[in-house]
Protein chains: 2
Amino acid sequence: MKRRAKVSDVANEVGVSVATVSRTFNDPKAVRDDVRARVLAVARSLGYSPHPAAKALRMQRTHIVGAVVPTLDYAIYARMMNKFQERMNEAGYMVFMLAAGFDNSKLYEPVHQLISRGTDGLLVVGKIEDDLLLRFLKERHIPTVLTYSYLPDEPFPSVGFDNYESMRQLIEYLLLLGHRDIVMISGITRGNDRQRSRAGAFQDAVAKSGIAKRCHALERPYSLYEGAAAMRLIRSEYPKTTAVMCASDVLAFGVLSECKKLNIHVPNDLVITGYDNQDFSALLDPPLTTVDVPAGDMGTQSAEALLAAMTGSSKVASVKLKTNLIIRDSTAPAHATSPALAKDVRG
Amino acid sequence: MKRRAKVSDVANEVGVSVATVSRTFNDPKAVRDDVRARVLAVARSLGYSPHPAAKALRMQRTHIVGAVVPTLDYAIYARMMNKFQERMNEAGYMVFMLAAGFDNSKLYEPVHQLISRGTDGLLVVGKIEDDLLLRFLKERHIPTVLTYSYLPDEPFPSVGFDNYESMRQLIEYLLLLGHRDIVMISGITRGNDRQRSRAGAFQDAVAKSGIAKRCHALERPYSLYEGAAAMRLIRSEYPKTTAVMCASDVLAFGVLSECKKLNIHVPNDLVITGYDNQDFSALLDPPLTTVDVPAGDMGTQSAEALLAAMTGSSKVASVKLKTNLIIRDSTAPAHATSPALAKDVRG
DNA sequence: CTGAAAGCGCTTACAG
DNA sequence: CTGAAAGCGCTTACAG
């Protein structure tokens, strides 16, 4: 079994001190050109790379960051994390991903463990609603960036979009199309600021329009089957409903598939909207009106922000990303509205 | 800023040596009951946890493992990794995930880097087809487990299923239904033993049935749009096709959505099959015949195998997991076949 | 049952 | 430009 090469192995073979070997890598211009060249050559031939634990111990930096996401089993997070990792790797960092569930009020235990294992920085999806964790991060001065939501008033910089505003726009569009009996299916709002913002946008808009009594809000876990089940409930409990707004494309997919079973025609009998603009959404039948979310961008820019926070000099600014309302046939104004109106909204 | 507590902080406050503090955690019965209690209490109040880098340096074990998956952006891998992580965390390990693409012949560079960063063990999706990496893992004696494919002849233990056999069964079923003009759309086979096995099962089966000339195989990256595009090609190039077999549900979803656009009725005009049994597959219209893959199980059992490989005593046995043929309406024998025949195949 | 001391592999202030 | 030495925080063989 071949032992891992260490600085002293390289130093011995070249005939210099370990200090010189170390400098070759960490402060190259401090060592004479020909010596550096010889060290590099030997290091290469021995397959030397610095022992990460030794380096981390000495430098008090692990070059590891933690990323707290609700789950990996959701395309948007997966895509975001792919990009985040890519950028962090480029910068010499490794990323520990922690799938911690959707409730950010119970983050202390898992995240504390993550940090105890040694991380230089932290990325968290959404607002941290766990005071214990908030205090811990502050005390220990852990560089932290929030992502997914744009949260200018939080104690940490954030890279994300405006969940409230994007949902509000979508609702305005449905109101413009003439819908007044609307049901929203959001995700579980406890410990989840994104879902709360989206559900809140709905409540506010229907209240403002004086149609709160005709509208209803449901909370369901993200899943196709929950979407389908919710649709059955809507059909029996709120039969006058003309529009179902889902806070995720996955829920909308479930609703749509149930409509097919129930022989409810979309969009003629019922209009459906989603959120996320997943790949499949354009290929559903009918294609889904939804909100496009810049997952990849968010990953890259979150990495940028975290790197800045870790170098630590100046305060890192939050970044507000744009969403796009994508109007497709699942809300096509079948009879109710004129093409002119639809065009007006699109523009 | 609160400094992180270390052994000497605890030792000082309790009035014992660092050795005793260390023993309290690593060899509790070697320290007197009352002393241990006092140490524990102080450690707790100081929020002490051993510095991971120091511990790793001293023990020459990081308690970190690497997991090499093609991408996180695929439900099956995500679900598998969720379970793998869960089990590894329980056992005191952290998991570094590396999204390394689908071509396992180009794994050396990224995996070498991963290992240089310090990992006690390695999980790899599929067969490693990179000789450089194979040699490196052997030389350094890195405990390694392969997953996804059951590979009894590889130099490392594997936890997975039989891609060839499961696809063969599906083809037999289509042949039994009377299909003779069949197109398979597989993923890219280069550096991917799973796709090669599935494509190989197809080639062998149609050759054996003497219908190779009437059948065709396409290779496409995993994506909805590639599936849709492939369907357009099938329609124009192979118009006699009565069955399209896809090596993933995602491709099948794309094919199905294109059929809808082209006014091809499934299953009456064309029969479609997938592979993976993703959540959405049962909710497509029509629901998709596919192969159910035990993603969660695979994750847990891979963790078990890797833990065993790292304790290292005995040789770890490979585990063969079962797949299930799930027959749904996308292959409903519309006119061609009798219910009796279908029943026969299901049983 | 307990403590003093060595050493894991690295980096860097200090002296030359 | 280079080297000897200290020290990052831990664990454990050794001595008592």
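Guide: What follows covers overall shape, the chain contact, helix packing and some backbone details. This is a predicted model.

Visitor: Which domains does the assignment give for chain A?

Guide: Domain 1 is 7–50, domain 2 is 63–161 + 295–321, and domain 3 is 163–293 + 325–346. That comes from a domain assignment.

Visitor: How far apart are the C-alpha centres of domain 1 and domain 3 of chain A?

Guide: They lie 63 Å apart.

Visitor: And how many helices and strands in chain A?

Guide: Chain A has 13 helices and twelve strands.

Visitor: Now the contact between chains. How many residues come from chain A and chain B?

Guide: Chain A gives 38 residues and chain B gives 38 residues.

Visitor: Which elements of chain A give two or more residues to that side?

Guide: They are α4 (52–59), α5 (75–90), β2 (94–99), α10 (224–237) and α11 (249–261) of chain A. The largest share comes from α5(A), with six residues.

Visitor: How does the side of chain A that touches chain B divide into nonpolar, polar and charged?

Guide: It has 19 nonpolar, ten polar and nine charged residues.

Visitor: You listed α10(A) and α11(A). At what angle do their axes cross?

Guide: They cross at roughly 50°, and the axes come within 7 Å. The two helices are therefore oblique to each other. The crossing of α10(A) past α11(A) is right-handed.

Visitor: Which residues meet there?

Guide: From α10(A): Leu224(A), Tyr225(A), Glu226(A), Gly227(A), Ala228(A), Ala230(A), Met231(A) and Arg232(A). On the α11(A) side, they meet Val250(A), Leu251(A), Ala252(A), Phe253(A), Gly254(A), Val255(A), Ser257(A), Glu258(A) and Cys259(A). By class, that contact has eleven nonpolar, three polar and three charged residues.

Visitor: Over to chain B. How do α1(B) and α3(B) cross?

Guide: Helix α1 (residues 7–14) and helix α3 (residues 33–46) of chain B cross at roughly 125°. Their axes come within 9 Å. So α1(B) and α3(B) are oblique to each other. The crossing is right-handed.

Visitor: And which residues make the contact?

Guide: α1(B) uses Asp9(B), Val10(B), Glu13(B) and Val14(B). α3(B) uses Arg38(B), Val39(B), Val42(B), Ala43(B) and Leu46(B). The classes are six nonpolar, no polar and three charged.

Visitor: Backbone details now. Which peptide bond into Pro267(B) is cis?

Guide: The bond from Val266(B) to Pro267(B), with omega near 10°. Pro267(B) is in the loop between α11 (249–261) and β9 (271–273) of chain B. The bond from Asp285(B) to Pro286(B) is also cis, with omega near 0°.

Visitor: Where is Pro286(B)?

Guide: In the loop between β9 and β10 (290–292) of chain B.

Visitor: Last one. What is phi of Gln60(A)?

Guide: Near 60°, which is positive in a residue other than glycine. Gln60(A) is in the loop between α4 and β1 (64–69) of chain A.

Note on methods
Residues are numbered from 1 along each chain as its sequence is written. Chains are lettered from A and ligands numbered from 1 in the order in which they are written. This is a predicted model: local features need pLDDT of at least 70, side-chain atom pairs count only at pLDDT 80 or more; totals for chains, interfaces and linings use all residues. Domain bounds come from an automatic or database domain assignment. Two residues are in contact if their C-beta atoms, placed from the backbone, lie within 7 Å. Helices (H or I, at least four residues) and strands (E, at least two) are DSSP runs, numbered from the N terminus. Ala, Val, Leu, Ile, Met, Phe, Trp, Tyr, Cys and Pro count as nonpolar, Asp, Glu, Lys and Arg as charged, and the others, Gly among them, as polar. Axes are lines fitted to C-alpha atoms, for helices over the stretch in contact, and angles run from 0 to 180 degrees between N-to-C directions. Angles under 35 degrees count as roughly parallel, over 145 as roughly antiparallel, 65 to 115 as roughly perpendicular and the rest as oblique. A crossing is left-handed if the near helix is turned anticlockwise from the far one by less than a right angle, and right-handed if clockwise.
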